[in-house]
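This report covers how the parts of a model are arranged and where they touch. The sequence and structure come first.

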Amino acid sequence: MKRGLLSLLLLSFWFGTASVSAEELIIYSGRSDKFVKPVVKAFTAKTGIKVVLHTGSSTALLNKLKLEAERTSADLYISNDAGNLQKGSDLKLFSSLDEKSVDSIPQDYRAADNSWVGLSARARVLVVNSKDESVAAIKSVFELADPKLKGKLAITHSSNESYIAGTTVYLRATDEKKVKQWLVGMKKNVDGSVYNKHSKIVKAVASGRKSIGLVNHYYIYRHLKKKPNASIKIVLPDQGKDDIGVAWNVAGAAVVKHSSKQQAAKQFIEYMVSEAGQKQFAEVNQEYPTRPGVSAAANVPPLSSYKVANVPMRDLGKYRNATLDIIESVGMP
Amino acid sequence: MFAQLVRFDWNTRSVLATLVVLLASVPLIYVVINSGQLSFPQWTNLWSARLPELLTNTLTLALLVALGSFVLGVSSAWLITRRDFVGRRLAVWLMILPLTIPTYVFAHIYTTLTEDDGWLGAIWIGLFGPDNHPPELYNVFGAAFILSLAGFSYVFLLVSDALSRSRVDIEEAAQLHGLSPRQVFWRISLPMLRPAIAAGLALVVLHVVSDFGAVSMLRFQTFTLSIYLQMEGRHNLEAAAGLSLVLVLLSLSFLILERFFRDRQRYYSAAQAQKPKRRRATRMELIFIWFWLGGITLFAFALPLAWMLAWTYEAWLQSLITEEFWGYVQNSLIVSVAAASLATVAAFPVALFHARLRNRISQGYLHLASIGFVLPGPVIALGILSFVLSMLPWIYGTMIVLLLAMLIRFLPLAVQAQEASVQQLSPSIEEAGRSLGARPWENLTRIVIPVLRTGLVSAWVLVFIDTLKELPATLLLRPTGFDTLPVRIWIEASEEMLELAAPASLMLMIGTLPVIWFLMRQHDAASK
């Protein structure tokens, strides 16, 4: 009996604390809290609009939005991956934004109908052990399929969003046959053992356990920040005259169509594409702001210094299933 | 069968039991409907492309974990129940405490410890030189290692319970007839323990098969992980349901196997004449016992605890333990207390129904109530989500949905825990009460509940512990912005924020301690 009373008491407590008031925006966020909170705080300070973060994986949250449809309580969706954003657009989950409020962001980094906008970009790069001569000459991601890297290669599992997005870029920039061969070669090289996190790949390369890995650029700088003398270096792949360039992916945001707070949600997006919002959003994670003229953190390779693959970010959604089909047909772990 | 149906009488008890079982079957119905949408070619494709590998992986892992838990659980149970030694009471605790650490925390900690700069990695390199890297855990052995450490306590609990109630006279008789102690163990004690070992291993295997946390951290492709990836990556709910259906059949065969062993238990545990005596350990034995139990404790509890403390201290130094953190603690407690109370109440009619009827229908009810153990958490969550959105949309987004999922997931634990004590509640006791003039309410509070106390308490505690650690269903079904400790651990660990994941893990453990203490006290009182 006492227990029943106690739980009732606790329940009432919960209804008291978790109820969401009218002037709050709810964001389904697929990006780490740590990188979203600073910019959210600044937004609240500027506009007085409070924000509740509901954090999870980008894909799971998109699935949730789809299942909830008009019953969703979300006002905004933030994803770490353009593929999910475009998928959400295709599913008609988002509202289109005015061209004028997002025209500071280049067209390749937002949806054709402006139903989502890319906010920060990450580069898909190679991390190599700087003491290991055997991998010093590698200049292309496609060389990762070379049999001489057997046992030396570190990649993530194939359901990682960045991995899938990168593969889509390579698929669009080359062709299916080449990508398939590449995956088959990498599969042999890793021999069933893949990593669950990019940070573990960087660590494995730094310790010499592996010689080379395929990661997003900021994981390298995050590691170097903790251990400035780590024996790793970044290689920006595929920079030759006829090469495809570095694969990019963007994190971005969208206004949920069924949200009843369209105006406040649009205000949030407008803040995110403003110079101040851009700087904050990208800098906390050492990414590239998508707005031209806003510079990235000083320690990452400047954008002007390398070639980026010429694939619009919306393709990451359009060709996502095609990529998954190839990955599955190869049976990547 | 038909005759039984006719005799089925619709009193309150059976109506309630039927309602609970219907609710528990929601995810199964969802799985059957969704997998029914797979076309024949899709099935054959699934069958040929995925199943052989998934079956091999899942069964290999289950076998290895069963083996690991058997060795750890049976050996420790035997040493603790048959020898008296310094620190025996402490040892009992040490063998149970690993239950307070969720599998995903184990996996996270051990992958960190075995990196080159982790504690274990550094020792390894110190021993074998910088060119020998410590073994990686991203394979079947790593997963088996983690899940054995996280699960052997179930075997320990059930086997030590059986050992402390076993027939010592038979063992003594065997000894008198000239069997050596070792022969007595292998030929008398072990066969008598078979039902307890089977029950413990079944529990472990079911946890392995439906485990999501460890295999997703270690990226070992089992059924559950693959189902999750189908749902997540491709939003292919039909394929996920198809795989789930196969998994259900697989787990069901484990359950039936376990029932088969357990039903023979009645034959073995006759009224006992004599309580087993614990022989005082010799000095050599004492050294061996503590070497062995200490070794188990080191890996299953001490190292993870030390890791949590070290990083929590770090978080404290950086003042990262904020007000929000205590909010997560509060959320976790609310869900766990509510789910445990709900499941304990809901399990009662089902257990009673079976205890009174003991026929095929009640047996079927019991199996249906076990769905939560058989289906992976993400699938249960999705089943509930679809059910609520189509049938009860007005409760969507509230905590009721989350509690429903917890209820279904952990109902089997509550039913199992209550089954034994419900059996003691023979109708004649109730009738005696009634004939002496007790009203229904009085009957309930003065007769029924006291008899059921042990069962109710263990049911509550077991569900509380598992809800506190629950991850996949909470991730999907929690109300907006309602983060629990496991959700936070998952979020922080996926971004490598060790100093943020550690305090939450530590709090989970601390939260479990009082209820375990309560369970142990209850247990001691019952065995005295």
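## Domains of chain A

The C-alpha centres of domain 1 and domain 2 of chain A are 27 Å apart. Domain 1 of chain A comprises 23-120 + 250-300, and domain 2 comprises 122-247 + 320-330; these bounds come from an automatic or database domain assignment.

The model is predicted: local features need pLDDT of at least 70 and side-chain atom pairs count only at pLDDT 80 or more, while totals for chains, interfaces and linings use all residues. Residues are numbered from 1 along each chain as its sequence is written, with chains lettered from A and ligands numbered from 1 in the order in which they are written.

## Contact between the domains

Within chain A, 12 residues of domain 1 are in contact with 10 residues of domain 2 (C-beta atoms, placed from the backbone, within 7 Å). On the domain 1 side, helix 3 (58-68) and helix 4 (82-90) of chain A are the elements that give two or more residues. Helices are DSSP runs of H or I with at least four residues and strands are runs of E with at least two, numbered from the N terminus. Helix 4 of chain A gives the most to this side, with three residues.

## Contact between chains A and B

The contact takes 36 residues from chain A and 35 residues from chain B. On the chain A side, two or more residues each come from helix 1 (2-18), helix 2 (33-47), strand 2 (50-55), helix 3 and helix 8 (198-206) of chain A. Helix 1 of chain A gives the most to that side, with seven residues.

Notes
Contact = placed C-beta atoms within 7 Å.
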